Amino acid sequence: MKPGSFMSEKSAKIFVAGHRGLVGSAIVRKLQESGFTNLLLRTHSDLDLTNQADVESFFSTEKPAYVILAAAKVGGIHANNTYPADFIAVNLQIQTNVIHSAYTNGVKKLLFLGSSCIYPKFAPQPIPESALLTGPLEPTNEWYAIAKIAGIKMCQAYRIQHQWDAISGMPTNLYGPNDNFHPENSHVLPALMRRFHEAKVNNAEEVVVWGSGSPLREFLHVDDLADACVFLMEKYSGFEHVNVGSGVEVTIKELAELVKEVVGFEGKLVWDCTKPDGTPRKLMDSSKLASLGWTPKVSIRDGLRQTYDWYLENVVQKQQ
Ligand SMILES: NC(=O)C1=CN([C@@H]2O[C@H](COP(=O)(O)OP(=O)(O)OC[C@H]3O[C@@H](n4cnc5c(N)ncnc54)[C@H](OP(=O)(O)O)[C@@H]3O)[C@@H](O)[C@H]2O)C=CC1
Ligand SMILES: C[C@H]1O[C@H](OP(=O)(O)OP(=O)(O)OC[C@H]2O[C@@H](n3cnc4c(=O)[nH]c(N)nc43)[C@H](O)[C@@H]2O)[C@@H](O)[C@@H](O)C1=O
């Protein structure tokens with residue numbers, strides 16, 4: 001498909017897989033704001049994307065024109081390190097089923113989402129797309145990373161053999177509304193937001209933060225990612241995956257101080273060095289996306305404030 005026609009087809013049927021998640025819900029918001037009127041949505045309980053026959057039946061019945069694949073088994077460093085079989089098996093099943101059935105049922109274009117964890121543990125920083133498969137992966141999430149790399153390769157293989165327009169975006173660490181705030185299985189930002197909030201309301205004297213605090217992480221607000229996904233659907237039909245980052249990184253210690261300040265917790269931080277640091281740094285080079293004309297808009301301080309307001313309104317208030 002030639003770039004430049006997606007945005008003109010506002011009544012095209014678009015399947016947003018994983019529409020209730022952090023990324024999927026942001027993509028639905030972005031598509032609705034952009035005037036798209038025919039979104040095809042299925043919950044995990046409606047359609048288990050690991051079930052090949054159900055996925056094939058769904059695509060042959062619904063015949064969507066476009067697919068944005070934001071469904072996956074996702075979690076933070078502890079979850080990835082604890083459930084490697086789930087992270088490789090479920091993600092391989094979801095992406096293989098969706099990519100194949102999308103192709104065989106005439107979908108015009110599919111966007112697959114990977115992650116910055118696909119890159120080698122000690123890749124050059126900032127990490128260019130060309131660093132893929134040039135060194136050993138980070139052990140805490142190599143199973144998830146291998147699944148995501150296989151997704152990129154599957155999209156490329158279908159482009160080579162069938163001239164099919166499947167593209168891949170590689171987001172950096174994301175945060176925002178509808179994030180996963182699970183105390184153990186979430187990513188660092190929502191985990192700390194919940195922990196600092198609970199410590200504040202319980203007048204706790206200290207909060208435990210995992211690791212040494214020295215790793216660096218790049219963060220992008222999920223509304224920026226959703227904007228980039230729609231931008232790529234419109235503008236990009238290339239073979240190589242595309243990094244989607246903010247270009248802004250902080251140490252985990254700086255992040256913890258920022259979240260502490262936004263939440264208003266006034267106690268101490270305690271570092272639990274029995275927990276893994278993971279990769280020391282994974283700042284991506286997003287200049288390829290920038291050269292296409294896309295830039296992020298949400299600053300981390302504004303994004304944290306907006307996310308905490310959402311958390312108070314949609315998580316805390318619902319528990320009372
Ligand atoms: N969060 C992050 O920091 C980053 C995320 N990404 C990528 O973005 C994408 C979305 O991640 P994110 O939004 O954070 O994840 P979430 O866990 O918030 O959302 C994932 C969605 O997929 C659904 N899902 C999971 N398994 C199945 C299944 N078997 N069948 C149908 N639906 C299923 C979930 O439904 P349910 O909850 O009901 O099971 C959920 O709605 C993923 O590809 C991830 O790799 C990339 C980089 C960073
Ligand atoms: C997006 C990317 O995200 C994952 O990689 P990660 O960036 O290492 O994930 P993380 O957010 O869980 O940790 C970042 C850092 O933060 C520290 N940390 C401190 N305190 C908490 C804490 O309370 N929870 C968590 N989870 N981490 C903490 C933690 O020790 C680590 O040093 C991949 O699994 C994979 O999902 C992936 O693709």
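UniProt positions are given in the numbering used here, feature names are shortened, and annotations may be inferred rather than shown by experiment. This is a predicted model, in which local features need pLDDT of at least 70, side-chain atom pairs count only at pLDDT 80 or more, and totals for chains, interfaces and linings use all residues. Residues are numbered from 1 along each chain as its sequence is written, while chains are lettered from A and ligands numbered from 1 in the order in which they are written.

Stop 1: Select residues 14–245. An unreviewed UniProt entry annotates this range as "domain: NAD-dependent epimerase/dehydratase". The chain here is 43% helix and 17% strand. Helices (H or I, at least four residues) and strands (E, at least two) are DSSP runs, numbered from the N terminus. The end C-alpha atoms of the range lie 25 Å apart.

**Stop 2: ligand 1.** Show the 23 residues around ligand 1, each with its C-beta atom, placed from the backbone, within 6 Å of the ligand. G18, G21, V23, H44 and A72 come nearest. Helix 1 (22–33) and strand 6 (173–175) each supply at least two residues of this shell. Helix 1 gives the largest share, 3 residues. By type, the shell around ligand 1 holds 11 nonpolar, 9 polar and 3 charged residues. Here Ala, Val, Leu, Ile, Met, Phe, Trp, Tyr, Cys and Pro count as nonpolar, Asp, Glu, Lys and Arg as charged, and the others, Gly among them, as polar.

**Stop 3: ligand 2.** Move to ligand 2, with 25 residues around it. G76, S115, W210, G211 and G278 come nearest. Helix 3, helix 6 (188–201) and strand 7 (206–210) are the elements giving two or more residues to this shell. The shell around ligand 2 divides into 11 nonpolar, 11 polar and 3 charged residues.

**Stop 4: helix 5.** Select residues 142–162. Helix 5 has 21 residues and reaches 29 Å from first C-alpha to last, close to the 30 Å expected at 1.5 Å a residue (1.5 Å times one less than its number of residues). Its buried residues include W143, Y144, I149 and C155; buried means 20 or more other C-beta atoms within 10 Å of the residue's own, with C-beta atoms placed from the backbone. Their cover includes helix 3 (77–82), helix 4 (84–104), strand 4 (109–113) and strand 5 (165–171).

**Stop 5: L225.** Finish on L225. Leaving out residues up to four places away in sequence, L225 touches V23, A26, P171, L174, L220 and V244 (contact: C-beta atoms, placed from the backbone, within 7 Å).

Definitions and conventions
Two residues are in contact if their C-beta atoms, placed from the backbone, lie within 7 Å. A residue is buried if 20 or more other C-beta atoms lie within 10 Å of its own, exposed if 12 or fewer, and partly exposed in between; C-beta atoms are placed from the backbone.
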